[in-house]
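Subject: Structure for you to look over

Hello,

Here is the structure I promised to pass on. Please open it first, then read my notes below.

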Amino acid sequence: MNTNDGTSQNPEPRTRNLGRVLNGRRIAGLSALAAGNFAISVWMGQEAYKWLPPQASSEAVLVDKLFSFMTAVGTFIFIGVVGTLLYSMIFQRAAKYDISDGPPIEGNVALEVIWTAVPIMLILWIGTVSYKTYDQMSLLEAIAPKVMATVDTVPGESREPVPGDISPGDNPYIEVHSRQWSWEFRYPEANVSSTELHVPINQRAKFKLTSDDVLHGFYIPAFRVKQDIIPGREIDFSFTPIREGRYRLRDSEYSGTYFAANQTHVVVESEEDYQQWLSAIAQNPPTAAENMAYDEFAEAEKGTISLGWATVKPAPAPVVNHTSSEENSYE
């Protein structure tokens, strides 16, 4: 366009440049927000370790790494979605008393491809990490190698070593008998039994799980392991304890009235202490262990107390060489 002084003026380049500047600023701002979201998500993933019991088994190291990764991904998505909604509600809401329709915007093919492709890639990423984690756990179940490592969740990430079985030879099986409502652990090699589970540290603990009545759940939160015990079947199960201490074993399945009280301790100790414990309890004569459910049911049958609810008759208390002590334990 010509002006009166003979010079030409064309506002189009200036408009394009302004648009480029605004687009650049918008991209830079979104990139900064995404970077901040990523940093918060990584921090939240690390904080997730504090929400769980202590890592007392090799399986716990693998499971916690996967849980941390899932927490970080979930945090990133949550902040991104909620942040977008809040921004739209605050800065892009309609004016007061504005009842007009929104602009008739047609579909954006590029945007639709992006929001379809990104979730697909994210699901494949999560599925791959999960598969690798459970594949590592299946290797632990099958051969218990001496050295393993956690799964890498992002390229270039360092893999944390996971201790395996360092004991020579093949460890004997411990028989686990579950019933309403008590646990019994038999050690065939020493010909003893106990209502408290003892296992040596850094050795593959192998079990044969059976149920005398209904479905039970062999669950140790500090070990991140759980196995359903199905009546009429003998189930092989194993894990590697890596931290000494006393932990809690719970019945994770609803097996009847007193299932919540169907708990006991798991003691992880050195090989020397473990063998001394086996030798010591072998000197104890087998006696009936305490079974609160059986005792209360017997009192109810006599009419001494009233349970206030209908229940099946519990199994008699197991006859064992050692009864679980009520010392403090990790949860």
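Which residue stands opposite Lys208 in strand 10? The residue is Asp236.

A word on the basis. This is a predicted model, in which local features need pLDDT of at least 70, side-chain atom pairs count only at pLDDT 80 or more, and totals for chains, interfaces and linings use all residues. Residues are numbered from 1 along each chain as its sequence is written, and side-chain values use heavy atoms, with hydrogens and water left out.

Helices (H or I, at least four residues) and strands (E, at least two) are DSSP runs, numbered from the N terminus. Two strands pair if DSSP finds at least two bridges between them.

Five strands form it, in the order 5-4-3-7-10, with mixed pairing. Strand 5 (192-194) and strand 10 (235-239) are the edges, each pairing on one side only. From one strand to the next, the twist averages 25 degrees (axes are lines fitted to C-alpha atoms, and angles run from 0 to 180 degrees between N-to-C directions). Strand 7 (residues 205-211) joins strand 10 through five bridges, in the antiparallel sense.

Strand 11. Strand 11 (residues 245-251) is largely enclosed by the rest of the structure, because six of its seven residues are buried. Buried means under 20% relative accessible area (1.4 Å probe, protein chains only). Strand 11 pairs antiparallel with strand 8 (residues 216-220) over two bridges. There, Phe218 has Asp251 as its bridge partner. Strand 11 also pairs antiparallel with strand 12 (residues 263-269), over six bridges. Tyr247 faces Val266 in that strand.

The cores. A nonpolar core is a set of buried Ala, Val, Leu, Ile, Met, Phe, Trp, Tyr and Cys residues joined through side-chain atoms within 4.5 Å. The largest has 30 residues; Leu197, Phe207, Phe218 and Phe223 touch the most other members. Helix 4 (residues 271-281) gives the largest share of this core, four residues. Another core, of six residues, lies apart from it and includes Leu66 and Phe69.

The largest pocket. A pocket is an open set of points on a 1 Å grid over the protein atoms alone, where a 1.4 Å probe fits, with protein on both sides within 12 Å along at least five of seven lines; lining residues have an atom within 4 Å of a point. The lining has 20 residues, with Leu30, Phe76, Gly80, Val81 and Thr84 nearest the centre. Helix 2 supplies the largest share, nine residues.

Best wishes

Technical notes
Buried < 20%, exposed > 50% of the residue type's maximum accessible area, 1.4 Å probe, protein only.
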